[in-house]
Amino acid sequence: MEHTDLSAYFTHTCTRIKQVSFPIGTTHLEPPIALAPMAGITDRPYRDLVRSFGVGLMVSEMVASQEMVQAKPGVRERAELSADVENTAVQLAGREAIWMAEAARQVADRGAKVIDINMGCPAKKVTNGFSGSALLKTPDHALSLIEAVVSAVDVPVTLKTRLGWDDNCLNAPDVARRAQDVGVQMVTIHGRTRCQFYKGSADWRAISEVRAAIDVPLLANGDIVDTDTARAALTASGANGVMIGRGAQGKPWLLAQVAHDIWGSPAPDVPEGSDLVDMISKHYEAVLGFYGLDLGLRVSRKHLGWYMDQAQTPSVLRRQVLTAIAPAEVLDLLPEAILGANREITA
Ligand SMILES: Cc1cc2nc3c(=O)[nH]c(=O)nc-3n(C[C@H](O)[C@H](O)[C@H](O)COP(=O)(O)O)c2cc1C
């Protein structure tokens, strides 16, 4: 699909109108909100849970392209899709066109609706391998990877990156424009530089320079944790939509809530009381089922910790839940940990 086909469908002033939708290829992002890729977090069970509230593009955690193609244990699972996936993007990372293109082909064959390219990860083990945000330092090379992926697949290709490498290299507008020119159909900008890692605050206003440089849809990302921050990010950046990561931890309904408040999509049925315990128990069991007991226990503890943060679970009980090995014990403890006696649950 040509960029011009896309641009007819969206608006730079989406905060002011109720129903906004833009197609990324055959996928309609309606309303324009996405779950941020988070390594070790946005796995299939969590994406399925967030999706169950009804809105958003679900972006998989980063999948290392070469390792995936070479079938390194544990890597393919990160790209695993549900059978009924509509709005799922698989995010690929890498530094060699040959692996990026082949990985893109493989995940598209398995049903990914969108391929997202990671040019934002700041982790040293990624940037030392010249992947992730390190690609911002070598834009010509980055462009060759993007071109290779775009020509390898028929599904739309999107790009997620940061404002630049550091304050002296704020080249996201240029990189995004060039990426668009070789066929990228949506760009997400995390409003920090690589050298900021996660420190300070996301600079949503700086994202507006990318908005001015491209025509394809743009998502603003970074420190969006509720409807007010989503509105503020949209206004400051002029982006078409938002991507939310950490704000949705322990609150898988957050995207749907924000979308309802801003774009008028149906309000999510936010679980309370025993329904909330039921949701958490099912998520827990899905994680164990997906990873098996050993890894499943480790992954599930992160989510349980966030659910208990919301519930303000007392520390002794929290420790019991997070150190229990037998799933039956965790499931037994959950009603008290989440509902407790006379404790209010914050949705
Ligand atoms: C634990 C963790 C893992 C992350 N993994 C990825 C990743 O795999 N790919 C990526 O592009 N960004 C990754 N990010 C960055 C997020 O997608 C997002 O850009 C960042 O957290 C800012 O958004 P937020 O404030 O809404 O969380 C990760 C962030 C965190 C906290």
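## A walk around the barrel

Start with the ligand: 21 residues surround it, the closest being Ala 36, Met 38, Met 62, Gly 245 and Arg 246 (a residue counts as near if its C-beta atom, placed from the backbone, lies within 6 Å). Before going on, note that this is a predicted model, where local features need pLDDT of at least 70 and side-chain atom pairs count only at pLDDT 80 or more, while totals for chains, interfaces and linings use all residues. Residues are numbered from 1 along each chain as its sequence is written.

Colour the ligand shell by type and you will find nine nonpolar, eight polar and four charged residues (Ala, Val, Leu, Ile, Met, Phe, Trp, Tyr, Cys and Pro count as nonpolar, Asp, Glu, Lys and Arg as charged, the others, Gly among them, as polar).

Now switch to cartoon view. Eight strands form a closed barrel in the order 3-4-5-6-7-8-9-10, with parallel pairing (strands are DSSP E runs of at least two residues and helices H or I runs of at least four, numbered from the N terminus; strands pair if DSSP finds at least two bridges between them). Select residues 33-35 and 241-244: these are strand 3 and strand 10, joined in the parallel sense over three bridges. Ala 34 has Met 243 of strand 10 as its bridge partner.

Next, pick helix 8, residues 172-181, which lies across strand 7 (157-164) and strand 8 (186-193) and runs at about 165° to strand 7 (axes are lines fitted to C-alpha atoms, for helices over the stretch in contact, and angles run from 0 to 180 degrees between N-to-C directions). Strands 7 and 8 pair in the parallel sense over six bridges; Thr 161 has Ile 189 of strand 8 as its bridge partner. Eight of the eight residues of strand 8 are buried (20 or more other C-beta atoms within 10 Å of a residue's own, all placed from the backbone; 12 or fewer is exposed, in between partly exposed).

In the loop between strand 7 and helix 8, stop at Asp 166. Asp 166 is partly exposed because 14 other C-beta atoms lie within 10 Å. Leaving aside neighbours within four places in sequence, Asp 166 is in contact with Thr 193, Arg 194 and Cys 195 (contact means C-beta atoms, placed from the backbone, within 7 Å).

Finish in the largest nonpolar core, which has 85 residues; Ile 115, Val 149 and Leu 255 are among those with the most contacts inside it (such a core joins buried Ala, Val, Leu, Ile, Met, Phe, Trp, Tyr and Cys residues through C-beta atoms within 7 Å). Helix 11, residues 254-263, gives this core its largest share, seven residues.

Definitions and conventions. Two residues are in contact if their C-beta atoms, placed from the backbone, lie within 7 Å.
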